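Work through the exercises below with the model open beside you. Each task is followed by a solution in steps.

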Amino acid sequence: MSRSPSASRVALVTGGIGGIGSEVCLQLALTGRTVIAVDLATRSDRIEAFREHIAASKGAIRFEPCDVSDFKACGSLIEHIEHNIGHVDILVNAAGITRDTSLRKMDPQHWHELMRVNLDGVFNTCRHVVEGMTARGFGRIVNLSSVNGQTGQFGQTNYSAAKAGVHGFSMALARETARKGVTVNTVSPGYCDTPMVAAVPQEIRQQIISDIPVGRLGTPADIARAVVFLTADDAGYITGANLPVNGGYFMSF
Ligand code: CAA
């Protein structure tokens, strides 16, 4: 489908009805993007909450079901969007799950389930949009990593490996697309006020919060702000970077 250059850019957000993803959708819509929230069709309670959440938005957000761990399904989704809505100019990979347990108790299933969503999902979506973006000379890709990919976390060998992998993937892809107007960056959230973090046992969560210099959990809006920044049309000189948004929980140079 062809669009005039002035038409609203299309942004696809995976994990689009999740704790961080839904706020990313909202903030992108408020900046004039046409937003497609992608998530599992099975989460009807979340879909309902999402509809209420975006009711505040004056922008365009629509929901498309897709399992990001399924390569073929991602291909069909991109085809469907390009045919019915427009080219994907902005891709935000916010789909992610945890399967926390110490390695001594970790089953291959804990490992593979997580890798399929958190790492394969990034490959599956990027693989299907990158050619179009480079051919058109514009693209913004932001992959959500995590502070725990930078530091490691007890009980998260799988998650930490995937999230560190997301950044390695993003740096490599950034090199491949740098001359074609396509930037690829990661945002690394710290502990945020989301259902994922609420699932951490209370005592451990309290300890973590007391170690955050800013003194509170992050909000989804704190993360969405960084995504909006990196996906701006004029953010073309920032690529291969990681933007940590963690309240000072992990500071590095
Ligand atoms: N450091 C050192 N020891 C620890 C520890 C830690 N951080 N956490 C637990 N232990 C100890 C326990 O005290 C216990 O000791 P004993 O055996 O002497 O009693 C032992 O380790 C427990 O070991 P297990 O092998 O039994 O651990 P487990 O399989 O039950 O897993 C856990 C424990 C569920 C992983 C729990 O430690 C936990 O939930 N940790 C927090 C994980 C976390 O932060 N997840 C983040 C989720 S949110 C997210 O990921 C978003 C994001 O990007 C930031």
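**Exercise 1. How many bridges join E4 to strand E5, and which way do the two strands run?**

Solution. This is a predicted model.
- Step 1: E4 and strand E5 (residues 139-144) are joined by 4 bridges. The two run parallel.
- Step 2: Take one pair. Ile90 has Arg140 in E5 as its bridge partner.
- Step 3: Move to the pairing with strand E1. Strand E1 (residues 10-14) and strand E4 (residues 88-93) share 5 bridges and also run parallel.
- Step 4: Leu12 lies opposite Leu91 in E4, and Thr14 lies opposite Asn93 in E4.

**Exercise 2. In what order do the 7 strands form the open sheet? Which strands stand at the edges?**

Solution. 
- Step 1: Read the order as E3-E2-E1-E4-E5-E6-E7, with parallel pairing.
- Step 2: Find the ends. Strand E3 (60-65) and strand E7 (242-245) each have a single partner strand, so one side of each lacks a neighbour in the sheet.
- Step 3: On average, neighbouring strands are turned by 20° against each other, direction ignored.

**Exercise 3. Decide whether E4 and E5 are enclosed or open, using the burial of their residues.**

Solution. 
- Step 1: Count for E4. 6 of its 6 residues are buried, so E4 is largely enclosed by the rest of the structure.
- Step 2: Count for E5. Again 6 of the 6 residues are buried, so E5 is largely enclosed by the rest of the structure.
- Step 3: Gly139, Ile141 and Asn143 are buried on one side. Arg140, Val142 and Leu144 are buried on the other. Both faces are covered.

**Exercise 4. Is Asn185 buried or exposed, and what does Asn185 touch?**

Solution. 
- Step 1: Locate the residue. Asn185 sits in strand E6.
- Step 2: Apply the cut-off of 20 or more other C-beta atoms within 10 Å. Asn185 has 25 C-beta neighbours inside 10 Å, so Asn185 counts as buried.
- Step 3: List contacts, leaving out residues up to four places away in sequence. They are Val142, Ser170, Leu230, Ile238, Thr239, Gly240, Ala241 and Leu243.
- Step 4: Check a distance. Met171 is 14 residues from Asn185 along the chain, and their C-alpha atoms are 7.2 Å apart.

**Exercise 5. Which elements do the buried residues of H9 pack against?**

Solution. 
- Step 1: Count burial. Helix H9 (residues 220-230) has 8 buried residues out of 11, and is mostly covered.
- Step 2: Name the buried residues. They are Pro220, Asp222, Ile223, Ala224, Ala226, Val227, Val228 and Leu230.
- Step 3: Find the partners. These residues pack against helix H1 (21-30), E4, E5, strand E6 (182-189) and E7.

**Exercise 6. Which residues of the largest nonpolar core touch the most other members?**

Solution. 
- Step 1: The core holds 59 residues, and Val13, Cys25 and Val227 touch the most other members.
- Step 2: Helix H4 (residues 108-136) gives the most to this core, with 8 residues.
- Step 3: Follow Cys25. Beyond four places in sequence, its contacts are Val13, Gly16, Val35, Ala37, Ile54 and Ile61.

**Exercise 7. How many residues surround the ligand, and which are the closest?**

Solution. 
- Step 1: The shell has 22 residues, the closest being Thr101, Ser102, Ser146, Phe154 and Gly155.
- Step 2: Sort by class. There are 10 nonpolar, 9 polar and 3 charged residues.
- Step 3: Trace the helices. Helix H5 (147-151) and helix H7 (195-198) each supply at least two residues of the shell.

Definitions and conventions:
Residues are numbered from 1 along each chain as its sequence is written. This is a predicted model: local features need pLDDT of at least 70, side-chain atom pairs count only at pLDDT 80 or more; totals for chains, interfaces and linings use all residues. A residue is near a molecule or strand if its C-beta atom, placed from the backbone, lies within 6 Å of it. Ala, Val, Leu, Ile, Met, Phe, Trp, Tyr, Cys and Pro count as nonpolar, Asp, Glu, Lys and Arg as charged, and the others, Gly among them, as polar. A nonpolar core is a set of buried Ala, Val, Leu, Ile, Met, Phe, Trp, Tyr and Cys residues joined through C-beta atoms within 7 Å. A residue is buried if 20 or more other C-beta atoms lie within 10 Å of its own, exposed if 12 or fewer, and partly exposed in between; C-beta atoms are placed from the backbone. Two residues are in contact if their C-beta atoms, placed from the backbone, lie within 7 Å. Two strands pair if DSSP finds at least two bridges between them. Axes are lines fitted to C-alpha atoms, for helices over the stretch in contact, and angles run from 0 to 180 degrees between N-to-C directions.
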